[in-house]
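Below is a short report on one structure. Look at the sequence and the model first, then read on.

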Amino acid sequence: MIISEMLASAIRMSIPILLVALGAIYAERSGVVNIGLEGMMMIGAFWGALGAYYYGPFIGIIFAMFAGLVFALIHAIVCVTFKVNQIVSGVAINILAYGVSRFLSIIIFKMATTSPPVEGFKDLNIPLLDKINVLKPLVTHISPLIVIAIILVPLTSFVLRRTVFGLRLKSVGENPLAADTLGINVFKMKYYGVLISGILAGLAGSYLSIEHTGMYVEGMTQGKGFIGLAAMIIGNWNPLGAFLASILFGFAEALSMRVVENGIIPYQFIKMIPYVLTLIVLSGFITKSTPPAADGEPYEGSEG
Amino acid sequence: MKKDLKIRLLEVFSPIFAFIIAVLLSSLIILAINKNPIEVFYTMFKFSFRRIDSIAIILYNATPLIFSGLAVSIGFRVGLFNIGVEGQYLIGAFCAALVGFAIKGLPSFIHLPLVILSAILGGMLWAIIPIYLKVKKGVHEVISTIMLNYISLSLIHYFIADLFLDRNQKVVLGLGSTLIRMPKIMPSALMPKMHGFLSLFGINLPNHVYLNWFFPIAIILSCVIYYVIWYTPFGYELRAVGFNPIASKVAGINPNSLYIKGFLLSGAVAGLVGLSDLLGYFGYMDLDFPKGYGFTGIAVALMGKNNPFGIILAAILFGFLNRGAEGIQTFLGVPMDTVVILQALVILSVVVVSEVMIRYIRYLDKKGAKI
Amino acid sequence: MEKIIKLTNITKKFPGLVANDNINLEIEKGEIHAIVGENGAGKSTLMKILSGLYQPDSGEIYIKGKKVIIRNPRHAIKLGIGMVHQHFMLVSRFTILDNIILGSEKSKAGLIDYELAEKEVTDLLKRYNFELDIHEEVGSLSVGQQQRVEILKVLYRGADILVLDEPTAVLAPQEVKELFINLRKLKEQGKTILFISHKLDEVLEIADTITVLRKGRLIKTLKRNEVKDKSELAELMVGRPVILKYSKEDIKRGKPLIEVKELIVKNESDRRVLNGVSFSVYAGEIYGIAGIEGNGQKELVDSLMGLLSKESGEILLNNVDIKNLNVNEIKRIGVGFISEDRHKEGLVLPMTVWENSVLGYHRDREFGLWYRLNVNRIIEHCDNIIKNFDVRLSSMFIPIKGLSGGNQQKIILGRELIRNPKIIIASQPTRGLDIGASEFVHQLLIKARDEGCAILLISADLEEILALSDRIGVIYNGEIVAEFESKEATPDEIGYYMTGGKRKVEV
């Protein structure tokens, strides 16, 4: 019972990280590093709450995904078209998102750091399984976003492996020159990769504000955007791996909540766990991981 | 020669040009909330330059940004991105606060330098981890420093609110509860304000201005860093590695060695960022200790083109903006965060303009093919 | 027989260089046509024009009788021309199948029709007798197999004309045999093959017709049966050099200052790029290593400079075993180094001219102390270099990328030679330089030699080697295959060894 409760908790905690990680996969497979996912998540959290406050959760997530898309567009224009250093752009996007969220929050909600409570989605239950006591925590009170997020895992895998879009996207991140000589529009593919990552990051943020906490709180993303990137790296840039890595992080967080209740270790150290874990795992994994070959390199384009 | 002059001019003016673009974009956002951008910037201006005390406040605001910009720029020079200045300065400030309150009975001329040294060491300590991970394990310094930034927040929180919480605070009757802060720093470790010195020149600053000697220290440090970068073999190697690690290797320079030294130097300077506020204003470290200097430092370094004197100017600019931001919130009801947005837009437009410029120069080169 | 390709008056210029100079060429359908020439002869450029990567400055192209402008690689493929690059354009992590269909996927509603793709590719494999497992990852294939995938790529897209750029450059002898079997099969099926190479043995084995290019011009086109032997081709390729004779003092050969014994160096794929190289260079002589680029020269030079570790063998510089020495320590023995790629390895372009003039020597006592560069002294030093090495520039305070290639090279030469090193290693020292600058460099090297320096000269320009060297070693496939006294050497003979001629019986 406790195990399934923990597992359920872990899955809940992992969803925002998972969504970001999946989005990051699209971007990085197309060869663009997106450090700005944290900011896109933040802005998604805000706009999600905003939309949900006025129009309900469904419009909320639409707003959130659109907000993420807009910020991703900025990143794409700056990095793909202007070929600026992708990390600098990402950092700037994070600062921009922080500023814009606070700015709009003051204007609209009259408070910089929180929004009023917002309505979330109606919970789902999985019909037959919810009769089994042991499984109960896992299959009841599930947010539809959790279902969407989990479905996105095999969906992403499918897109990457079996669609024309997926094959071309990957080729652009591995060997853009080869893709270019075969007639693939490298810039277009990179744009797609980045935009999709923004949409998913925005969605991740909206999950936090609408479903998880029930309101927007400044700083609620708490670095999950970066942890999502780490999950992608640990998952070796593929969806299933990212899923497992996200569960790992979710588990760590769920566990830390339990430990906090116990009160033995100061809660500040518990809060550090995801970040320390990220460092440790990255240090161990980097030498074994294989990013897309042309990741992070702006593409110059061939001679006319 | 004409072409080279053209290039030089472009290099100096492009940050200004980029700044103007950022201002224009911000104006659009201001318009979107039905406020008049011209009024906004005018108010900023007026608010900042009305009296001499405003100028002093701007310089006070600029001081941490100079240190931060310098720290970030050192990283950029050697080809690395030190986003960890944010965490490095908090750890540095903490170390300073610790040595500041814990050691009693030292004369000022020993205690203050000791405290400053602690801050430097604290910053370096927080920088060793990411550069070690990069050189030995290949972990990108951006992700590791970002993680360490978050870790430092929690760690500092623990130190301030738990381990080193000042439980002996004297509560002034009727003035509310105790603050969550570390014990007050010994007076021997505090940095005096510049008021006494300036009054010699007939400049009398009111008490609510905290311009202190860290400002001149920042200026001096800028000169020192300028000297190191351009006039020492170390600075030479730093720049060479930052521009072309391969040629450096062929020339007998060890890139990894420079990466480590450069990053540690960056961390050392980062440690100083919080000291002006800590030792010149607060006198103790609490949970509300200013955050965000690390990120503004990135904007300052980029705008200042990694040149210490450009950084001073950019820092003053942002100091001015931060001061003006208070004004527009108070008088016009425009959120202070407009300045944060402006900052981010400055970063973006500076790098975009820079890239466009590089391509334009390349185009000029191709047109006039050299023999 | 029908002419499937006709090129008339094709000219292509780059800044400072005429890559193709009025080329008139006809290719017959169904033949294997070899294009041979040295580095810089213009072969690659011509093929890039045919495959749509470059546009000619003037001239016309006729494919299958129709005049065309080949706009880009995609267009070239539509016309039936498929280029197989020397450096493969493959995605290592993809399977063979994915690499072949990429960009031309057969699909239904966005989903790749793998069933159809598999069938089509397997058919292709059968037809041309390629033995490959289409589900294998390209990264794990041998070089020969990867090349076959590149060929399949163009066949899949319906190419009738295959252009292969130095296809055997990276192949082992057995793989070359296999490639030729495949090529003959393709010819049987009616394909036309253009084959760029500098390896004359192979060309004579496979080609029906041979065209020789030299310095951008088409020298001659011959049918295979018109060629008596290899040396005839080598002579056409290499030409009779205009007598580039420099007056040199009689050689006063001293001690051996460079000694290389049985040097073996492997690359990342564990292939031997240097296979037991042995030679010596004595004080007061210029030893030139002739060879087409890519036969191990770079690895040799990097090993000598301490930048590359060896598998086995010995290197002695001025009688010092350089086994565990780093670059600085080697330089201190008295070695000056001119690397082949000045932009990548010799200079830091964004830094100023005067700063570059001490690159690698910036920590010398002469130029300052650990806490202070003696900028005045460095500027003096740079000024010295500028005067003595005839550097033309507007100011030494501008970034060195603002200087022409020739002047940049002079700064490098000045930097290395002004310290009077006992040993000079010069790799492609006149690459990209005009005649005047080249001559200047040559005079400098001769002067150093006359003063007792041991100079190792590596160059792909045979004229340069012949003009400067006292002794010549020819490198081919990672081995010194022949050595000559320069008085005895003829361009034909050297060309013969450069292009894979079998070693004479050891004396």
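## A covered helix in chain C

The buried residues of H14(C) are Gly406(C), Asn407(C), Gln408(C), Gln409(C), Lys410(C), Ile411(C), Ile412(C), Leu413(C), Gly414(C), Arg415(C), Glu416(C) and Leu417(C). A residue is called buried if 20 or more other C-beta atoms lie within 10 Å of its own, exposed if 12 or fewer do, and partly exposed in between, with C-beta atoms placed from the backbone. By this count 12 of the 13 residues of H14(C) are buried, and the helix is mostly covered. The cover over these buried residues includes strand S18 (335-338), helix H11 (342-346), helix H12 (353-356), helix H13 (375-388) and helix H15 (435-450) of chain C. Helices (H or I, at least four residues) and strands (E, at least two) are DSSP runs, numbered from the N terminus.

The expected span of a helix is 1.5 Å times one less than its number of residues. Helix H14 of chain C covers residues 405-417, and its 13 residues should therefore span 18 Å; the end C-alpha atoms are 18 Å apart, which agrees.

## Source and numbering

This is a predicted model, in which local features need pLDDT of at least 70 and side-chain atom pairs count only at pLDDT 80 or more, while totals for chains, interfaces and linings use all residues. Residues are numbered from 1 along each chain as its sequence is written, and chains are lettered from A and ligands numbered from 1 in the order in which they are written.

## Two domains in chain C

Chain C is divided into domain 1 (3-238) and domain 2 (256-498), with bounds that come from an automatic or database domain assignment. The C-alpha centres of domain 1 and domain 2 of chain C lie 35 Å apart. Their contact takes 10 residues from domain 1 of chain C and 9 residues from domain 2 of chain C. Two residues are in contact if their C-beta atoms, placed from the backbone, lie within 7 Å.

On the side of domain 1 of chain C that touches domain 2 of chain C there are 4 nonpolar, 3 polar and 3 charged residues. For these classes, Ala, Val, Leu, Ile, Met, Phe, Trp, Tyr, Cys and Pro count as nonpolar, Asp, Glu, Lys and Arg as charged, and the others, Gly among them, as polar.

## Where chains A and B meet

The contact between chain A and chain B takes 37 residues from chain A and 35 residues from chain B. Helix H4 (86-109), helix H10 (224-234) and helix H12 (267-285) of chain A each supply at least two residues of the side of chain A that touches chain B. Of these, H4(A) gives the most, with 14 residues. This side of chain A has 26 nonpolar, 8 polar and 3 charged residues.

## Where chain C meets its neighbours

In the contact of chain C with chain B, 29 residues of chain C touch 18 residues of chain B. Helix H10 (327-334), H11 and strand S20 (372-373) of chain C each supply at least two residues of that side of chain C. Its classes are 13 nonpolar, 10 polar and 6 charged residues.

Tyr231(B), in helix H8 of chain B, is in contact with Arg372(C), Leu373(C) and Val375(C), leaving aside its neighbours within four places in sequence. Tyr231(B) counts as partly exposed because it has 16 C-beta neighbours inside 10 Å. Arg162(A) lies in helix H6 (residues 144-162) of chain A.

## A helix pair in chain B

Two packed helices are described by the angle between their axes and the distance between the axes. The axes of helix H8 (residues 214-231) and helix H14 (residues 308-332) of chain B come within 9 Å and cross at roughly 150 degrees. Axes are lines fitted to C-alpha atoms, for helices over the stretch in contact, and angles run from 0 to 180 degrees between N-to-C directions. H8(B) and H14(B) are therefore roughly antiparallel to each other, a term for angles over 145 degrees.

The contact is made by Ile219(B), Ser222(B), Ile225(B) and Tyr226(B) of H8(B) and by Pro308(B), Phe309(B), Ile311(B) and Ile312(B) of H14(B). These residues divide into 7 nonpolar, 1 polar and no charged.

Methods. Angles under 35 degrees count as roughly parallel, over 145 as roughly antiparallel, 65 to 115 as roughly perpendicular and the rest as oblique.
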